[in-house]
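Q: Please go through the labels used for this structure and set each one against its definition.

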Amino acid sequence: MEPFLMLENAAPEASVYEHAEAVVLLLCKECLPELDAIRLPQDLQKAVRYAVTKDPEVTAKGHVTELVLPREGGFTRLILAGSGAGRECTPIHMRQAAGNAVRTLVKGKAVKAVVAGPVLLKATRPHYLKAVAEGLLLGSYRFDKYKSDKETPAPLPILIMNGVDGAADVLREAETVAAAICHARDLVNEPGNIVTPELLAEDAEETASRYGMEVEVLTETEMRQKGMHAILAVGAGSIHPPRLVTLQYRGAGDAPFLAFVGKGITFDSGGLSLKPDAGMSEMKDDMTGAAAVLGAMQAIAALHLKINVLGILACAENMPSGSAQRPGDIIQAASGKTIEVVSTDAEGRMVLADGVWYAGEKGASEVVDIATLTGAVIIALGEEVSGIVASDDDLAAALRAAGHRAGEAWWQLPLFEGAEEMIRGTCGDVKNSAGRPAGAITGGAFIGAFVKPGLPWAHLDIGGTSTAKKTKGCIVEGGTAFGTATLIEYAKSRQA
């Protein structure tokens, strides 16, 4: 998506509102007594107080109120975006409020806008400013590439009134993060006949070149030489051969590498264990994990973070054909362990088995994989919270904290002792499906079995959050690229 919002830093002065065709106020209940602080013109301030008197829900989180006020020489659109009351007024809800408000701006074809809110005047709250900027950029996301009647929006300058120290740098960081997330969203929203393993690898090569990263793309021949028969087995039924892509960003000299490994199933038919027709069209999103890793690597490099990171994309297309793997097959992964294929629809964990092993071979000191792995995680956590299965509780806690700062919710599921027994194979070392009980946990346990012993590891299951059924806040219907922001924030927290 080509950006069309132009965010600019603005000091808290009355002159900011001059020539603004639209004004967005981000308000919580406690903000109302502080309206004077944002230097709002008296007629607009009077309109806000009237609106609150008529509807006390104006400041409720998720609530958007639009007023059109006649003024000298024309009119001003006043958009009130609620962020809650008390402890509800967090960066998360400010991000959502900004996302809701920006769509009202765009729909009304605003020419120039001001965004303001009393909480943004506090110098010590740059995280609120960053959240608002991200909300504006992500909430305005659109994917209309294939629509014949699409309308390209005109550039929209937005002045964000604030009192944050170093505000310009905060806005540039928000733009970098949002651009990375939108890149990942674009890849997820592309159809499976466009995004194949080869194209995903090409996109990664272009991204690496643009942002100064090293890149390695393993073809079928090279993967076979390395014994990566798990990813090869998944891609065996497709005319589009698999690829294993490794991006390397070195921002901390000789420090150890953190590795992000993403599942890149560009389309998942289920293979010979064919999925039902209903909902299969959504399976173009089965490469969201790889897209999230690629987006995160883009932002990490663009921000010049002081950390060394490997981004590994395990890419394949899972299709049924005469050459496809079968239920009952025994496959030897690159680690040497054998996999008993119970279901060809449990393919993501197989490509990740070779991916996480390769991360260890590349010298990773810590491994985080991310995947649309299971439907079981939806049953456990719903469609707004993603799951974590980890060998290291401190790593899981750090990822949850990073997600909270990034506005993405995670919950750790227990990696109990019995999970290893549940995935033990009858004819092979491990089986790729243990059935429905504890499915999100055993899926993660399977991947963990291929991580180099002793390495801290966490598995992120975004099976319920990779695609949104409706637009809300900064999430737009379609691919969400959930997890991208968490990986970026986690890498920030690990800088040398």
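Q: Why is the pair Arg142 and Asp144 called a salt bridge?
A: The closest N and O atoms of Arg142 and Asp144 are 3.9 Å apart. A salt bridge is a side-chain nitrogen of Lys or Arg within 4 Å of a carboxyl oxygen of Asp or Glu, so the pair counts as one. This is a predicted model, in which local features need pLDDT of at least 70 and side-chain atom pairs count only at pLDDT 80 or more, while totals for chains, interfaces and linings use all residues. Residues are numbered from 1 along each chain as its sequence is written, and side-chain values use heavy atoms, with hydrogens and water left out.

Q: What makes Asp144 buried or exposed?
A: Asp144 has a relative accessible area of 19%. Buried means under 20% relative accessible area, exposed over 50% and partly exposed in between (1.4 Å probe, protein chains only), so Asp144 is buried.

Q: What makes the side chains of Asp286 and Lys263 a salt bridge, and where do the two residues lie?
A: The N to O distance between Asp286 and Lys263 is 2.9 Å, and the pair is a salt bridge. This pair links distant parts of the chain: Asp286 lies in the loop between strand 9 (257-268) and helix 8 (288-302), Lys263 lies in strand 9, and 23 residues separate them. Asp286 has 3% relative accessibility and so counts as buried; Lys263 has 2% and so counts as buried.

Q: How many salt bridges are found in the whole structure, and which residues are linked in a network?
A: A search of the whole structure gives 20 salt bridges. Arg95, Lys130 and Glu134 are linked in a network of them.

Q: Why is helix 11 called roughly perpendicular to helix 14?
A: Helix 11 (residues 393-406) and helix 14 (residues 484-493) pack at an angle of about 115 degrees, with axes 8 Å apart. Angles under 35 degrees count as roughly parallel, over 145 as roughly antiparallel, 65 to 115 as roughly perpendicular and the rest as oblique, so helix 11 is roughly perpendicular to helix 14. Axes are lines fitted to C-alpha atoms, for helices over the stretch in contact, and angles run from 0 to 180 degrees between N-to-C directions.

Q: Which residues make the contact of helix 11 with helix 14?
A: Helix 11 contributes Leu395, Ala398, Leu399, Ala402, Gly403, Arg405 and Ala406, and helix 14 contributes Ala485, Thr486, Glu489, Tyr490 and Ser493. Contact means heavy atoms within 4.5 Å.

Q: What makes helix 4 oblique to helix 14?
A: The axes of helix 4 and helix 14 cross at roughly 135 degrees and come within 9 Å. That angle makes helix 4 oblique to helix 14. The contact is made by Glu173, Val177, Ala180, Ile181 and Ala184 of helix 4 with Thr484, Ala485, Ile488 and Lys492 of helix 14.

Q: Why is Thr59 called buried, and where does it lie?
A: Thr59 has a relative accessible area of 6%, so it is buried. Thr59 lies in the loop between helix 1 (42-54) and strand 3 (64-71). Leaving aside neighbours within four places in sequence, Thr59 is in contact with residues including Leu27, Cys28 and Gly82.

Q: What makes Ile462 buried, and which residues is Ile462 in contact with?
A: Ile462 has a relative accessible area of 0% and is therefore buried. Ile462 lies in the loop between strand 17 (457-461) and strand 18 (467-468). Beyond neighbours within four places in sequence, its contacts include Thr288, Ile370, Trp410 and Phe482.

Technical notes: Helices (H or I, at least four residues) and strands (E, at least two) are DSSP runs, numbered from the N terminus.
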